[in-house]
Structures are given as C-alpha cells and as structure tokens.
Amino acid sequence: MDIRHLQYFLEVARSKSFTKAAQALHITQPTISKMIKSIEAELGVVLFDRSGKQVELTDAGQVIFSQAQPIVSSFEHLSAELGDLMNLKRGHLRIGLPPMVGASFFPRVIGSFHEKYPDVTIQLVEDGAKKVEADVENGTLDLGVVVLPTKGEIFHHFSFVNEKLRLLVHPSHPLAGRSRVSLPELSGESFILFREDFALHDRILAECIRAGFGPRVVYESSQWDFISEMVAANLGIALLPETICRELDEERVCTLRLVDPEIPWHLAVIWHKDRYLSFAAREWLRFTRDLLSRNRGDEA
C-alpha cells in the first residue's frame, strides 16, 4: 500500500461512491475498485459496505479513514513545500563575507537576487576570510567568499576577482611621490594590518618575511576604512586591494604600485564538495556567477 492507495480510499469515503471518486480523480471506476480491493486484501478487512445506494465505511474503514487523513494531508503539504523549494518560492541561505568584500561587490548581487526571489531569506555573516573558510568547512555556512588559494580537496570554488595589493602612505611620506615601491623598501615602516583572522594578515606577513624582514605592526583592524583613516592620520602604512584603493580620497592618502613582489588578491566563492546544496544555494551560485562575470565584461 502506498500514498496513492490512501488518496483513492479517502476520495471514495468522502464521496460515498466509486463512480464519483473515479470522476474526481480522473481515473476509471474499475481502476479505483481494484485499488480498494487490493487494500482490503492486504489488510484482511472490508473497508466499505457496498449493500446500499451509497457505499459506507465499515468499522474497520472508519479506523483507516481517521488514520489516513493526517497521513495524506502531511504528504500533500510536504509535496507543496518541496515544490516551493524547487521553484525557489522559499529557502534560506547562510553566506559568509569578509567586510571589504561585502561592501564592494555584493550589495547589487544580493539586491538583484532578492528582487527575483523575494521569499528566499539570506543571512549574511561578516568575518575574516579564514573564519569564513572554517565555517563553510564545518557546515555553519552554506557558502562563503575567501581569498585564494583555498583547500581544493575540500571546496569547489569559482573566482570573480583577480587584483593586486597597493601601498597606502600619507601624502607627506617620503615615498608619496613615487609611482612604484618594492616590498623590501618597507622594512623600516610601521604597518597597519588586518586582524589575524583575515587572510591578508598572513599573506602580507609571509611576503615581508620572504622579502627579508619582519614587519613592525603597530595597529590591526577588521575594517578597511578604519585602516585607511589611520594612514590618513599618518600613523603608518598599509597594503589594500585595488578595489578598495579606488574608493579612497587621493588628497588624504596616496596609493602606489607595489612590486618585487606583487601581492595578489584573488577572491572566490567556495562551497563544500561533500555537503548537500539546497535549491536556493545552487540558484544563488548560478545567479551570482552570471552577474559577476557580466560585470567584469562591462568593466572590460
């Protein structure tokens, strides 16, 4: 016996007629009669008294009727909810974004997605890329934005930004008049960095050490705008992505090309290879990849 048997049984019980039930279900009367007989044979009871003008439930039929109604109702509700999910009429997403990434790239994406799918809710969690990566790995987040490289054995990803870091100095700084500066030249400077839970923190420290010096870090922050303001106050130098540098006031902060080496800033959306992705998450990935790639094409 399956859910279809119960649906046919309930329709006969409500209409008190095999003919009317067959019409309502758009099947033939012999089909529904055969279905009811198969239920009776399986359970070893008679469900309907067929002796009158209308069929009536027997005592066994009453028991089945009372139990079948909530079962069929729950199944139909389940089917409706699954239909809503598959058609993206509902859903919930948990997305991790580093602060400067969210402000620079995703307001338009999220706004456009919400306009198309207003009943899909999005929970945004702002954290450093290292924390975002850890939370996607442990399942706290569905998706996240990180700085590449990432763990290829654990995550799928698609890249959407390929930039480099630039040097920020105060306009009065001796390097301010230069167009480019090599990293070893910064060995005596006071650095303002992102906090340790940000991927750029480790990336900058590693490159400095590779260039032959350990940077003197005077301040750490989680906010790129606070970092740039610290540089504008002449409290140190900083390294920030090109996207962020385009937002800065050139009269208050000078941005220079960093060379020898250049430090890449490659961003990607990641999701776990071995976890189920909801319909909403899959559509968000498709939608976001398409919109960001079109934006890159427009800028080119």
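User: Where does Ser221 sit?

Analyst: Ser221 is in strand 9, residues 216-221. Strands are DSSP runs of E, at least two residues, and helices are runs of H or I, at least four, numbered from the N terminus. This is a predicted model: local features need pLDDT of at least 70, side-chain atom pairs count only at pLDDT 80 or more, and totals for chains, interfaces and linings use all residues. Residues are numbered from 1 along each chain as its sequence is written, and side-chain values use heavy atoms, leaving out hydrogens and water.

User: Is Ser221 buried or exposed?

Analyst: Buried means under 20% relative accessible area, exposed over 50%, partly exposed in between (1.4 Å probe, protein chains only). Ser221 has 9% relative accessibility, so Ser221 counts as buried.

User: Which residues does Ser221 touch, not counting those up to four places away in sequence?

Analyst: Contact means heavy atoms within 4.5 Å. Ser221 touches Leu193, Phe194, Arg195, Phe226 and Ile227. Arg195 is 26 residues from Ser221 in sequence, yet 5.3 Å away, C-alpha to C-alpha.

User: How do I read an aromatic pair?

Analyst: A pair of rings is described by the distance of the centres and the angle of the planes. Rings of Phe, Tyr and Trp (its six-membered ring) pair if their centres lie within 6.5 Å; planes under 30 degrees apart are stacked, over 60 edge-to-face, the rest tilted. The structure holds nine such pairs. Phe18 and Phe48 are edge-to-face, at 5.9 Å and 70 degrees. Phe18 is in helix 2 and Phe48 in strand 1, so the pair ties together parts 30 residues apart in sequence. Both residues, Phe18 and Phe48, are buried.
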